[in-house]
Amino acid sequence: MKVIIADKSHSIYAQIICDTIADSANVRGTGIARRTPDYIMTKMENGNAVIALDGNTFAGFCYIEKWGHGKYVANSGLIVHPNYRGAGLAKKIKHKIFEHSRNKFPEAKVFSITTGLAVMKLNSDLGYKPVPFSELTDDQSFWDGCQTCKNYDVLTRTNRKLCLCTGMLYDPEKAKNKVTKQVKEKTFKRLKKIKETLFLKKNKK
């Protein structure tokens with residue numbers, strides 16, 4: 001198994017990456033913004049993605065998005081193929097893409113929005129902190145990307161202040177000045193449960 005920075009030669013995996021992301025969203029019943037194979041290929045060609053391969057078999061993926069003229073970057077689309085889940089591969093991919101982001105955009109704040117508890121835990125281990133959406137990028141094109149998510153109505157209903165996703169941010173300036181404190185997983189579980197109760201009940205009415 002190898003986890004490497006993707007390039008143009010890995011474009012052959014773009015379709016299976018998109019299919020795996022879509023299948024995961026359907027199984028979990030949670031919102032994941034859809035991406036096209038062309039979009040994924042562009043990320044690979046620009047050196048803004050990480051791919052995990054077992055020989056020539058696709059195992060996992062994640063990519064970098066740049067927002068606000070480079071002031072922010074996001075590590076998005078983290079996915080592990082079902083055949084390779086439960087072996088710690090997501091953590092390896094997350095660490096690789098975070099390291100790549102910090103090397104390529106050292107001054108940028110790195111952020112994430114996710115409904116996944118496992119991703120929240122991985123983010124916390126890397127030094128991310130839960131933050132309100134107001135501390136994330138105000139780049140409209142980022143938020144437009146949420147339109148393909150099944151929970152987009154929640155985002156618009158709250159004037160982009162809240163959603164089922166949790167916003168998390170790694171600020172390199174703050175990280176220089178103090179030791180980061182990890183957030184306990186039970187805190188994320190409690191936060192997720194509160195959001196689901198608050199927003200999903202409204203949808204049932």
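C18 is buried, with a relative accessible area of 10%. C62 is likewise buried, and its relative accessible area is 0%. The model is a predicted one. A search of the whole structure finds zero disulfides, with a disulfide taken as a pair of cysteine sulfur atoms within 2.5 Å.

The strands were examined next. Seven of them form an open sheet, in the order β1-β2-β3-β4-β5-β7-β6. The pairing is mixed. The edge strands are β1 (2–5) and β6 (129–130), and each pairs on one side only.

β1 and β2 are antiparallel and share four bridges. K2 stands opposite L53 of β2. Strand β2 spans residues 49–54 and is mostly covered, with five of its six residues buried. β2 is joined to β3 by six bridges, and the two run antiparallel. A52 stands opposite G60 in β3. The hairpin of β2 and β3 has two residues between the strands. In this hairpin, G55 takes a positive phi near 70°. Strand β3 covers residues 57–67 and pairs with β4 in the antiparallel sense over seven bridges. The bridge partner of F61 in β4 is I79.

Strand β7 pairs with β5 and with β6. Between β5 (residues 109–114) and β7 there are five bridges, and the strands run antiparallel. I113 has G167 of β7 as its bridge partner. β6 and β7 are also antiparallel, joined by two bridges. Here P130 stands opposite M168. Strand β7 comprises residues 166–170, and five of the five are buried, so β7 is largely enclosed by the rest of the structure. In a regular strand the side chains alternate between the two faces of the sheet. Both faces of β7 are covered. T166, M168 and Y170 are buried on one side, and G167 and L169 are buried on the other.

Helix α3 was checked for length and for burial. The helix holds 16 residues, 89–104. At 1.5 Å a residue, α3 should span 22 Å; its end C-alpha atoms are 22 Å apart, which agrees. The buried residues of α3 are L89, I93, K94, I97, F98, H100 and S101. Seen down the helix axis, these buried residues fall within an arc of 165°, so they line one face of α3. An α-helix has 3.6 residues a turn, so residues three or four places apart point the same way. The face turned away from the buried side carries the exposed residues K92 and N103.

Two side-chain polar contacts were found for N75. One joins its side chain to that of S101 at 2.7 Å. The other is made with the side chain of Y128, at 3.5 Å. Residues up to four places away in sequence aside, N75 touches C62, Y63, I64, K94, I97, F98, S101, V110, F111 and Y128. Among these contacts, K94, I97, F98 and S101 are also buried residues of α3. C62, another contact of N75, is the cysteine with a relative accessible area of 0%.

Notes. Residues are numbered from 1 along each chain as its sequence is written. This is a predicted model: local features need pLDDT of at least 70, side-chain atom pairs count only at pLDDT 80 or more; totals for chains, interfaces and linings use all residues. Side-chain values use heavy atoms; hydrogens and water are left out. A polar contact is a pair of N or O atoms within 3.5 Å; within protein, one must be able to donate a hydrogen and the other to accept it, and residues adjacent in sequence count only if both atoms are side-chain atoms. Contact means heavy atoms within 4.5 Å. The expected span of a helix is 1.5 Å times one less than its number of residues. Buried means under 20% relative accessible area, exposed over 50%, partly exposed in between (1.4 Å probe, protein chains only). The arc is that of the directions from the helix axis to the C-beta atoms. Two strands pair if DSSP finds at least two bridges between them.
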